[in-house]
Amino acid sequence: FILAVFEQPDSLCTKFAMPLGGGVFACFSSSMHCLDAISNADPLDFGVSVGDGACGRGQLVTTPIFYVNGKPHVGHAYTVVLSDFFARSYRLIGYDTRLITGTDEHGFKVARAARAANVSPLEFCDSVSACFRTMNERLEVRYDDFVRTTEPRHKRVVQALWRRLERRGHIEHGTYEGWYSVADEHFVPDDDVVSGTDPNTGEQCHVSRETGQPVERIEEP
């Protein structure tokens, strides 16, 4: 999910983030600057008042951030149509509204899918991300911005947030070792790892007790 983060004097917080179903969120705030702030000197300074709508309030509606290990399917179409419905509804009643969507282009799944397609990860992401744009166009979704996590503007925000958290002592450096499931995209506790069969290859391996997906022992910083 994508959440809008608004900078406060001493802390980071979200303003009234409400789930609307289907992975869609609406964030309600009287000061919504959102992604335009990325080009400013401080990429995390989102506290700029808008207030141009008839109600004098801003609305941010976001879709899930879509993973690009495969092309769009009906589930993706459902969430963007639902998001567009809410955004159009808010605009009709006078809210200054923005609809944001985009693609998540990082992770083991993407790297493996790119390797299987015999292209670089970025080439693979370019191709699949374009499919999501085409989906929005064909469904006539009126989004205001399409964000890719490989874009320089996204990297600047992530780096700025990381540096700010690090300066405030919220990040500790170290390593983590455990059983990781690429299919499930998370580490699996030792007690939940059992012997089983890879559902894709039929080979014997360690799997997650909950999902039956293969796990591998990895260590990462």
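By class, five nonpolar, four polar and four charged residues line the second largest pocket. Nonpolar here means Ala, Val, Leu, Ile, Met, Phe, Trp, Tyr, Cys and Pro; charged means Asp, Glu, Lys and Arg; the others, Gly among them, are polar.

A word on the source. This is a predicted model, where local features need pLDDT of at least 70 and side-chain atom pairs pLDDT 80 or more, while totals for chains, interfaces and linings use all residues. Residues are numbered from 1 along each chain as its sequence is written, and side-chain values use heavy atoms, with hydrogens and water left out.

Back to the pocket. The space in the second largest pocket is about 200 Å³. Of its 13 lining residues, Arg112, Val182, Ala183, Pro214 and Glu216 are the closest to its centre. A pocket is an open set of points on a 1 Å grid over the protein atoms alone, where a 1.4 Å probe fits, with protein on both sides within 12 Å along at least five of seven lines; lining residues have an atom within 4 Å of a point.

Now the helices. α2 and α3 cross at roughly 95 degrees, their axes coming within 8 Å. That makes α2 roughly perpendicular to α3, a term for angles of 65 to 115 degrees. Which residues make the contact? From α2, Val110, Ala113 and Ala114; from α3, Pro121, Phe124 and Cys125. Contact means heavy atoms within 4.5 Å. By class, that is six nonpolar, no polar and no charged residues.

Last, α1 passes α3 in a right-handed crossing, meaning the near helix is turned clockwise from the far one by less than a right angle. His76, Ala77 and Val80 of α1 meet Phe132, Met135 and Asn136 of α3.

Conventions:
Grid points are joined across faces, edges and corners, and a volume is the space filled by probe spheres set on the points. Helices (H or I, at least four residues) and strands (E, at least two) are DSSP runs, numbered from the N terminus. Axes are lines fitted to C-alpha atoms, for helices over the stretch in contact, and angles run from 0 to 180 degrees between N-to-C directions. Angles under 35 degrees count as roughly parallel, over 145 as roughly antiparallel, 65 to 115 as roughly perpendicular and the rest as oblique.
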